[in-house]
Amino acid sequence: MKVKMLSRNPDNYVRETKLDLQRVPRNYDPTLHPFEVPREYVRALNATKLERVFAKPFLASLDGHRDGVNCLAKHPKSLATVLSGACDGEVRIWNLTKQKCIRAIQAHEGFVRGMCTRFCGTSFFTVGDDKTVKQWKMDAPAYGEEEEPLHTILGKTVYTGIDHHWKEAVFATCGQQVDIWDEQRTSPICSMTWGFDSISSVKFNPIETFLLGSCASDRNIVLYDMRQSTPLKKVILDMRTNTICWNPMEAFIFTAANEDYNLYTFDMRALDTPVVVHKDHVSAVLDVDYSPTGKEFVSASFDKSIRIFPVDKSRSREVYHTKRMQHVICVKWTSDSKYIMCGSDEMNIRLWKANASEKLGVLTSREKAAKDYNQKLKEKFRHHPHIKRIARHRHLPKSIYSQIQEQRIMKEARRRKEINRLKHSKPGSVPVVSEKKKHVVAVVK
């Protein structure tokens, strides 16, 4: 049996006196250059700077609505088709490639509260303040035909949200309770409720399609099982959750957009602690949507900005804003993972690049090779302070910047207060609560 040993001669790396120069180990391989790392560092620095120079994410603004855009929906089969609902009851269907509206429908009286498309893409559903659920054809009516819904269901209360099953002819609405409907019937198959407050949003799980989650104004996030027609469990947070979104790649992960300026990513198997608390917004988070890859999500906030978060990071990698954009109410990530759409108070739908500095159009093989090489260099040197600072820096509107400073001071004051309370209390009398668990009040099963 051969035993190989590492043997190091101290003369090769130990200095004889303190005044000697440090001995630098050198690789004499002729393919390696002694200045390879410094050269790569400079290239990585230049690539990072150029990325910020070419970061122009805004692509287009789709205007035509006469009131604030309240909800958006994606077409499941066509990348270029997007649906939007406004606060005056109008629904518009847009062609993104032509950047224009191809159809406008006066669907409801009052707000369009929610929209969803059927999984086959032939029709879509809307709910509004007029207590109706309407199903519409995706195609425009033929010449001479009236613009009328396929089906209309008249409910007893206002519906605040709707979502369609990913595989079957079933959809769910929410209002005072969560109702599961069959498309062929005018009364719900089953109704589920847990608590007495109005439910603001309901979402089907894209993988385990019989699961759905809802959030209510009494600070609850409730999970339901459609097969048992019963609620499974609920988590109560400090403040109200506006909407939730399921991860399209991991069946048990969902992210909640909360009124306390944060987003919480939960694992439904252990709801007592969020997996990650995403912090960066300075006002209530109104909507959230996952990328089709499941690695990132985009959030829309009352602070007039949208942010892109990696799923496993607490800080956003990107923030998008314009001078004219007001409170962002809804946001969607397109199915090809390249673009983001947001609808805001001032009647516009904006189209953004998901990767701010990405070049649109066809790339040559040399451009692709250079892009991949620069990407690898940026990853290799991303922890270097100078490169890290340039890559992280974003220009923010003055309102957001000043609020961030204000909140930092408040957070530091709270931290000091906690430390002082611990320091001057009897050992064990003041429990130490982790940052993640602070926001969860209770889990009920």
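Over residues 354–440 the chain is 57% helix and 1% strand. The end C-alpha atoms of this span are 31 Å apart. Helices (H or I, at least four residues) and strands (E, at least two) are DSSP runs, numbered from the N terminus. UniProt, in an unreviewed entry, places the feature "domain: Sof1-like protein" at residues 354–440. UniProt positions follow the numbering used here, feature names are shortened, and annotations may be inferred rather than shown by experiment.

The model is predicted: local features need pLDDT of at least 70, side-chain atom pairs count only at pLDDT 80 or more, and totals for chains, interfaces and linings use all residues. Residues are numbered from 1 along each chain as its sequence is written, and side-chain values use heavy atoms, with hydrogens and water left out.

The protein chain has four helices and 29 strands. Its C-alpha trace spans about 95 × 65 × 60 Å along the principal axes. Of the 445 residues, 44% are buried. Buried means under 20% relative accessible area, exposed over 50%, and partly exposed in between (1.4 Å probe, protein chains only).

Residues 62–104 are 0% helix and 58% strand. Their end C-alpha atoms lie 13 Å apart. Residues 278–319 are 0% helix and 50% strand, and the end C-alpha atoms are 13 Å apart.

Strand β23 (residues 296–301) has six of its six residues buried, so it is largely enclosed by the rest of the structure. Glu296, Val298 and Ala300 point one way from β23. Phe297, Ser299 and Ser301 point the other way. In a regular strand the side chains alternate between the two faces of the sheet.

β23 pairs with strand β22 (residues 285–290) through five bridges, in the antiparallel sense. Two strands count as paired if DSSP finds at least two bridges between them. Asp289 stands opposite Val298 in β23. β22 and β23 form a hairpin with five residues between them. Gly294 in that turn has a positive phi of about 75°.

β23 also pairs with strand β24 (residues 306–310), again antiparallel and over five bridges. Here Ala300 stands opposite Ile306 in β24. The hairpin of β23 and β24 has four residues between the strands. Lys304 in this hairpin takes a positive phi near 70°.

Strand β6 (residues 112–117) has five of its six residues buried, so β6 is largely enclosed by the rest of the structure. It pairs with strand β7 (residues 123–128) in the antiparallel sense, over five bridges. The bridge partner of Gly114 in β7 is Val127. β6 and β7 form a hairpin with five residues between them. Gly121 in the turn has a positive phi of about 85°.

Five strands form an open sheet in the order β14-β15-β16-β17-β29, with antiparallel pairing. The edge strands are β14 (199–204) and β29 (440–444), each pairing on one side only. The twist averages 20° from one strand to the next. Axes are lines fitted to C-alpha atoms, for helices over the stretch in contact, and angles run from 0 to 180 degrees between N-to-C directions. β14 and strand β15 (residues 211–216) pair over five antiparallel bridges. Ile199 stands opposite Ala216 in β15.

Most residues other than glycine have a negative phi, and most peptide bonds are trans. Ser229 has a positive phi of about 55° although it is not a glycine. Ser229 is found in the loop between β16 (220–225) and β17 (230–237). Its relative accessible area is 33%, so Ser229 is partly exposed. Tyr261, also not a glycine, has a positive phi of about 75°. Tyr261 sits in the loop between β19 (253–258) and β20 (262–267). With a relative accessible area of 35%, Tyr261 is partly exposed.

Met1, Val3 and Met5 form a nonpolar patch on the surface, with about 490 Å² of accessible area together. Patches are made of residues with over 30% relative accessible area and no salt bridge; like charges are joined within 9 Å, nonpolar side chains (Val, Leu, Ile, Met, Phe, Trp, Tyr) within 5 Å. A salt bridge is a side-chain nitrogen of Lys or Arg within 4 Å of a carboxyl oxygen of Asp or Glu. Accessible areas come from the Shrake-Rupley method with a 1.4 Å probe; for residues, only the protein chains shown count as cover. Val3 lies in the segment before α1 (36–53). Val3 counts as exposed because its relative accessibility is 64%.
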